[in-house]
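Let's take a walk through this one together. We'll look at a helix pair, then a metal site, then some charged side chains.

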Amino acid sequence: MKFKKRKRRSLWIDIAFSSAIMAMTAIALLLIFNTSDSSTSASPNKSAKAPKPEVSINSTDSTFPGIKIVTETSNDLNTPFAIQYPQSEYTDFNNRIVEYISQWKARYLKTNSSKNSTTSKELNISFETLQHKSGIYSFVMFTTLSMSANDSQSEIRTFHIQPETGKGITMAELVGRDVEKLKRTAKVVRDHIYQNPEFKDILLAENVWKPTEPLWRNYRNFALTDKSIIFYYDAGVFTKKQAGPAVVEVPLEKLNPFLAKEFQVKVTQKPAGKKVALTFDDGPDPKSTVRILKTLKKYDAKATFFMLGSRVEYYPEIAQQVAEAGHELGNHSWNHPSLTKLPDKKLYDEVQGTTDIVKQVTGQPATVFRPPYGAVNDRVRAITNLPVVMWDVDTLDWKHHNPQKLLAKVKAHTRNGSIILMHDIHKSTADGLDAVLAYLQSQGYSFVTVSELENY
Ligand code: ZN
């Protein structure tokens with residue numbers, strides 16, 4: 001688990017420098033933690049002279065000012081445990097932590113009476129300290145209680161303290177006590193859960209809604225860092241139980257509009273580069289399209305190809321090359337008729353037939369639609385179901401067949417966000433494309449698909 005990997009750095013150092021109980025503690029910890037820390041050379045030897053059951057407690061300074069780490073270990077082979085927790089200068093906070101620890105210890109030690117005294121039992125409580133630039137500490141307590149090799153439970157609980165005041169921090173304070181903002185936060189959290197690739201195979205999607213409902217009590221278990229709020233959910237709440245507790249880290253940038261001022265972060269906006277979408281209609285073509293693909297590759301340019309279904313059927317391998325090169329595929333009808341004049345059935349066949357063959361041949365869907373001659377009305381829009389994409393730079397390449405004129409049209413009309421219309425069935429277009437891309441690149445344009453343009 002990611003969580004475990006991040007924690008134990010300063011802890012081991014602290015332990016290394018602690019007092020005379022040291023050797024015993026280290027062995028007990030090694031037994032219990034079962035880490036693969038190769039720097040610790042002692043190997044546990046259970047047959048060694050059985051030490052008296054003994055609990056050791058020691059307290060060391062942490063690397064965080066004002067925070068001590070308390071370590072409690074028991075080498076009782078029936079109920080070994082290793083527990084670390086933070087303590088501060090504030091009694092309230094300390095009591096809350098100790099109470100939490102005590103509950104787990106009580107639950108664990110009660111099991112001592114059961115006959116099954118194999119050594120696989122253990123209680124391990126450790127913690128990680130996260131800090132926000134305001135000084136607020138979040139302590140993430142990670143507990144694992146194992147009763148046997150295949151019976152264990154784990155839990156993550158968070159505690160917070162502001163070192164100046166000794167008070168905690170709540171979600172209500174983070175969002176300025178505004179329920180509307182909690183609602184918006186809840187939506188961001190849910191989106192994060194649904195889209196997290198780590199949850200892909202373990203998510204119980206139907207269970208996400210309830211524990212993320214915008215109620216204050218659903219948003220207590222979190223840690224705050226300079227970059228994010230990290231929410232913790234118990235195993236089985238909305239992920240498969242055996243996967244352990246779920247960790248959902250939401251960048252503060254995404255929550256910015258809902259956060260109280262002191263928790264907002266500066267949103268780093270990428271300098272908005274100029275973009276242009278190159279589009280090629282009426283293909284694919286076994287000669288020109290292939291040459292155009294080469295030129296696009298040379299400039300690391302992505303483009304959009306509005307294909308005719310009839311030509312995809314005729315040149316499937318060219319359509320495949322376009323798709324494999326990562327360009328966007330568009331639907332330009334089957335036979336290039338003026339669609340507004342067609343009866344519904346015919347119109348549907350023109351559009352759907354092309355959608356079907358593009359998918360069938362390339363394995364990718366056509367994601368945009370361009371009507372032949374730009375002839376479009378509500379009836380056409382309703383039947384296509386895809387975004388209708390027109391253009392603002394008409395190169396007239398089909399008319400002049402002249403690479404110089406192609407470049408001249410592009411120079412005269414292209415601006416940031418332009419969609420340039422060309423046709424990948426003309427030799428002159430394939431001939432002139434290199435000069436067009438060289439020019440646009442020199443002007444600072446990057447080449448994107450139409451769907452990557454923000455407003456098309
Ligand atoms: Zn066309």
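Start with α8 and helix α15 (residues 427-442): their axes come within 9 Å and cross at roughly 5°. Here axes are lines fitted to C-alpha atoms, for helices over the stretch in contact, and angles run from 0 to 180 degrees between N-to-C directions. So α8 and α15 are roughly parallel to each other, a label used for angles under 35 degrees. On the α8 side the contact (heavy atoms within 4.5 Å) involves Ser-288, Arg-291, Ile-292, Thr-295, Leu-296 and Lys-298. The α15 side brings in residues including Lys-427, Leu-433 and Leu-437. Sorted by type, the residues of this contact come out as five nonpolar, three polar and five charged. In that sorting, Ala, Val, Leu, Ile, Met, Phe, Trp, Tyr, Cys and Pro are nonpolar, Asp, Glu, Lys and Arg are charged, and the others, Gly among them, are polar.

A word on the model: it is predicted, with local features needing pLDDT of at least 70 and side-chain atom pairs counting only at pLDDT 80 or more, while totals for chains, interfaces and linings use all residues. Residues are numbered from 1 along each chain as its sequence is written, and side-chain values use heavy atoms, with hydrogens and water left out.

Now for the zinc ion. Its protein donors are Asp-282 (OD), His-332 (NE2) and His-336 (NE2), at 2.1 to 2.2 Å. Donors are N, O and S atoms within 2.8 Å of the metal (3.2 Å for Na, K and Ca), and since water is not among the atoms, sites may look incomplete. Along the chain the spacing reads D-x49-H-x3-H. Asp-282 sits in the loop between β10 (274-281) and α8 (288-298), and His-336 in the loop between β12 (328-331) and α11 (344-362), 54 residues apart. Helices (H or I, at least four residues) and strands (E, at least two) are DSSP runs, numbered from the N terminus. Asp-282 and His-336 are both buried, meaning under 20% relative accessible area, with exposed over 50% and partly exposed in between (1.4 Å probe, protein chains only).

How many salt bridges does the whole structure hold? The search finds 17, each a side-chain nitrogen of Lys or Arg within 4 Å of a carboxyl oxygen of Asp or Glu. One of them joins Asp-344 and Arg-379, with the closest N and O atoms 2.5 Å apart. Asp-344 lies in helix α11 and Arg-379 in helix α12 (residues 378-384), so the pair ties together parts 35 residues apart in sequence.

Definitions and conventions. Parallel < 35°, antiparallel > 145°, perpendicular 65-115°, else oblique.
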